[in-house]
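Let's walk through this model together, one question at a time. Keep the sequence and the 3D view open as we go.

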Amino acid sequence: MARRSAPIPDFDGRAFAAALPLAPGVYRMQDADGNLLYVGKARALRNRVGSYFNATPKPARIMAMLAQVARIDTTVTRSEADALLLENQLIKSLQPRYNVMLRDDKSYPFVLLTKEQWPRLAFHRGPRAIPGRYFGPYPSAASVRETLNLMHKLFRLRSCEDSVFRNRSRPCLQYQIGRCSAPCVGRVEETDYADAQRRAALFLEGRSEELGKELADAMQAASDALEFEQAARLRDLIATIRKLQARQYVDGRNADLDVLGVAMQGAAACVLLLAFRDGRNLGTRAFFPKTNGEESAAEVLAAFVSQYYVEQPPPAEIVLDVDIPERELIEQALSEHAGRRIELRASVRGERAAHLDLVRRNAQLTLATELASSSAQQARAEDLQALLGLPGLPARIECFDISHTMGEATVASCVVFDAQGPVRKQYRRYNIAGIEPGDDYAAMHQALQRRFRPAAEGEPDAVLPDVLLIDGGAGQVAQARDVLTDAGITGIVLVGVAKGPERKPGAETLLLPDGREVQPGAASPALQLVQQVRDEAHRFAITGHRGKRQKARSTSRLEDIAGIGPRRRAALLKHFGGLQGLRAAPVDEIAKVEGINRALAQRLWDSLHGLAQATASSESGQ
């Protein structure tokens, strides 16, 4: 059930609050233009909303917000816990101006156990679109890889991609070193592999005791059946798991625990998370919430706990370095959301107190480092402003780069930086097509046309950069100038970044809008900022290019050859163990494959070695 107020020039908050029910719910404050100012939850909407408009003194941040309120929308919920969950969903999706918001544009790393006949155990980052179970999130990629290294040794589940798995004709190196049971070539029974998969899931869930008992029973059964080799393997597996459990006991660490510390300095905040899973220290991860003027460390930590653990599976215990408002309510909401008991603790002793002390000190150190980095970023931006003669600090910098290998799989990248650094959510890649292979000028022209097309077509919401960096010399810059001129776009400062002699960093030449060419030198803060943006554009472009090239090379070109259908393609790949083996085979050997005659084998060989295309080109030129 939702209640909406009518927009009123002079909003009467007291009268509006008096008409609200004493039910739990969520309220949303908006200004006269409909911009969302704040989202909050309430145990009783009438009391909570009314508290904003009584005579009690309030912080300057709240007073500034209330001065803009022109409308309040409310939504009644079934319980206070439901209100908390809805509040955090709205904060994440709507990003109100005055809420503390968790911002982290990096995706979290997980361990993925796929759901298929022969499940794969692998590193995963990004949207959880692949069917299967996701264990995590982990604080860092290194902690995921450490976990996977242990898991493959213990349970010998495959890690290879499906394209590799389906086309193996003999076991790979992972089988030889005892890290995979080679299901690709039938070296393991499906029931045994399913047991390994289930045991791996138990281990990742932290149920080591249950796993140890199951393995002990299986070892005894194998011994009774005189399957001594299997019994020995299970014995070694049990011994490894017992060692891990012994280490957990000696360390005194909870098997499922997060420790959170918060540090604040002015408007900046850092929340540091130290994670333990199955008794293993997975390391730390730092978050920098957007405080929007909130000065209370407890409020910032409460907002972090609510937003982070609604999105990520919480551990059984979360230790906090400061007590947070409505801790019991948040604990109840997280428990209901997770379907199990979640405990929030702000007063601890012993080892947990030592962990808290470590987290506090690291949060302060990380925040100081971040602020120093921000100050340096500010100094670099100011120097770039002076160098380019800008009226103010550049609020948005974009950089374009082109990547290809001898004209193959050409990709253009566009990266975006603001005053705080890279804005990764706004990065873009452009797959370049319809140009002469290797023509960097045409590639740059096409990418820029596509980037600025919305502005050229008059879209009112089109965002334009203050500074546009082009990785290249005068030719690439001329392409950018032509695109902007044709689109009727003005006010963008266009700068070319030409590499120095022998591509030495610090020797770059900047091609300025007034026609000057300057070499600021390695000590120039402005050039350091340009290098940072240019290098990020290069990294993003080459990553996209390599992915596109690998995809093109792993996609069979057999599909493009007349006479090669799915059945013949499968027979060829099986016979030669993949496309690489087929490409290395002579015509006579190809003709031995069932369904392939000599003429088709010759046509296939010509196509794989580029002769068919060359012949067709020479014939068209006659």
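This is a predicted model: local features need pLDDT of at least 70, side-chain atom pairs count only at pLDDT 80 or more; totals for chains, interfaces and linings use all residues.

Q: Where is Ala182 found, and what is its phi?
A: Ala182 sits in the loop between α7 (173-176) and α8; helices here are DSSP runs of H or I with at least four residues, strands are runs of E with at least two, and both are numbered from the N terminus. Although Ala182 is not a glycine, its phi is positive, at about 55°.

Q: Which loop holds Glu326, and is Glu326 buried, partly exposed or exposed?
A: Look in the loop between β11 (317-320) and α12 (327-338) for Glu326. Its phi is also positive, near 55°, in a residue other than glycine. With a relative accessible area of 36%, Glu326 is partly exposed.

Q: Which residues does Asp321 touch, not counting residues up to four places away in sequence?
A: Asp321 is in the loop between β11 and α12, and it is buried, with a relative accessible area of 9%. Taking contact as heavy atoms within 4.5 Å, Asp321 touches Leu260, Gly261, Val262, Leu301, Leu356 and Arg360.

Q: At what angle do the axes of α5 and α8 cross?
A: Axes are lines fitted to C-alpha atoms, for helices over the stretch in contact, with angles from 0 to 180 degrees between N-to-C directions. The axes of α5 (residues 141-155) and α8 (residues 190-204) come within 10 Å of each other, and they cross at roughly 140°.

Q: Which residues of α5 and α8 make the contact?
A: From α5 come Thr147, Leu150, Met151, Leu154 and Phe155, and from α8 come Ala196, Arg199, Ala200, Phe203 and Leu204.
Ala, Val, Leu, Ile, Met, Phe, Trp, Tyr, Cys and Pro count as nonpolar, Asp, Glu, Lys and Arg as charged, and the others, Gly among them, as polar. By class, that makes eight nonpolar, one polar and one charged.

Q: Which residue in β4 stands opposite Arg28?
A: Strands β2 (residues 25-30) and β4 run antiparallel and are joined by six bridges; two strands pair if DSSP finds at least two. Strand β4 (residues 71-76) has five of its six residues buried, so it is largely enclosed by the rest of the structure. Opposite Arg28 stands Asp73.

Q: Why is the pair of Tyr27 and Tyr38 called tilted?
A: Rings of Phe, Tyr and Trp (its six-membered ring) pair if their centres lie within 6.5 Å; planes under 30 degrees apart count as stacked, over 60 as edge-to-face and the rest as tilted. Tyr27 and Tyr38 are both buried. Their ring centres are 6.2 Å apart, and the pair is tilted because the planes lie at 35°.

Q: How far is Cys414 from Leu469 in space?
A: Cys414 is in strand β14 (residues 408-418), and it is buried, with a relative accessible area of 2%. Cys414 and Leu469 are 55 residues apart in sequence, while their C-alpha to C-alpha distance in space is 9.7 Å.

How values were computed. Residues are numbered from 1 along each chain as its sequence is written. Side-chain values use heavy atoms; hydrogens and water are left out. Buried means under 20% relative accessible area, exposed over 50%, partly exposed in between (1.4 Å probe, protein chains only).
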